[in-house]
Amino acid sequence: MKKILIISGIIAAFLCLAQNANAQIAGPIHRDGAYLADQRGNILSNQEVLTLVGQDIYNQTYVGAQKQRKAGKTLIWSGIGGLVGGGVLYGAGLAKIADKVTQNSSKEEIQKALEANPGSAGMILGGTLLMAAGGVALDAGIPLAIIGKKRLNWVADDYNARKNLAYQIGATPSGVGLAVRF
């Protein structure tokens, strides 16, 4: 009988300590950019997230989701920069030969205009390549950012769903014991 009481006491102590560990974050958490925040908008530190969601979810989902979202955003902005920069370079190359070439110019006239302005052909080609690289970066960045965002939302939703699980040690409708509420 003593063993049962000692084991029950130890289990009750651990349950009380576990409940107090999560009491520092009151209410649900949500995603704020590539991070998680409490309901007041305070960004949670990595240690707080680790404490709230557990080692497995932190290592397997949260860290990877942050990296995915940041990489996606970086690729998106790089892609936009490449598209804009390539468009400017392409337009500048065309502007250099625009006064010598019209819509009705023959191939020979266009060839002569490009030979007279050797930098314009390089600007047109460079602008085209830069726009192509920007488009590829943009195409790769959008899905990465979306997937990372959804994974971060999942971490917050998973924590919030588990937070609704409550337990109480003490008086229950059927006597004294452990009551679990969902």
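**Exercise 1.** Which residues does S120 touch, not counting residues up to four places away in sequence?

*Solution.* The model is predicted, so local features need pLDDT of at least 70 and side-chain atom pairs count only at pLDDT 80 or more, while totals for chains, interfaces and linings use all residues. Residues are numbered from 1 along each chain as its sequence is written, and side-chain values use heavy atoms, with hydrogens and water left out.

Step 1. Contact means heavy atoms within 4.5 Å. With sequence neighbours up to four places away set aside, S120 touches G93, K96, I97 and L114.

Step 2. S120 lies in helix α5 (helices are DSSP runs of H or I, at least four residues, numbered from the N terminus).

**Exercise 2.** Classify how helix α3 and helix α5 are oriented.

*Solution.* Step 1. The axes of α3 (residues 55–98) and α5 (residues 118–163) come within 4 Å and cross at roughly 160°. Axes are lines fitted to C-alpha atoms over the stretch in contact, and angles run from 0 to 180 degrees between N-to-C directions.

Step 1. Therefore α3 is roughly antiparallel to α5 (over 145 degrees).

Step 2. By class, their contact has 27 nonpolar, 21 polar and 7 charged residues (nonpolar: Ala, Val, Leu, Ile, Met, Phe, Trp, Tyr, Cys and Pro; charged: Asp, Glu, Lys and Arg; polar: the others, Gly among them).

**Exercise 3.** Identify the residues through which α2 and α3 meet.

*Solution.* In α2 (residues 46–53), N46, V49, L50 and V53 meet Q55, I57, Y58, Y62 and Q66 in α3. By class, this contact has 6 nonpolar, 3 polar and no charged residues.

Definitions and conventions: Helices (H or I, at least four residues) and strands (E, at least two) are DSSP runs, numbered from the N terminus. Angles under 35 degrees count as roughly parallel, over 145 as roughly antiparallel, 65 to 115 as roughly perpendicular and the rest as oblique.
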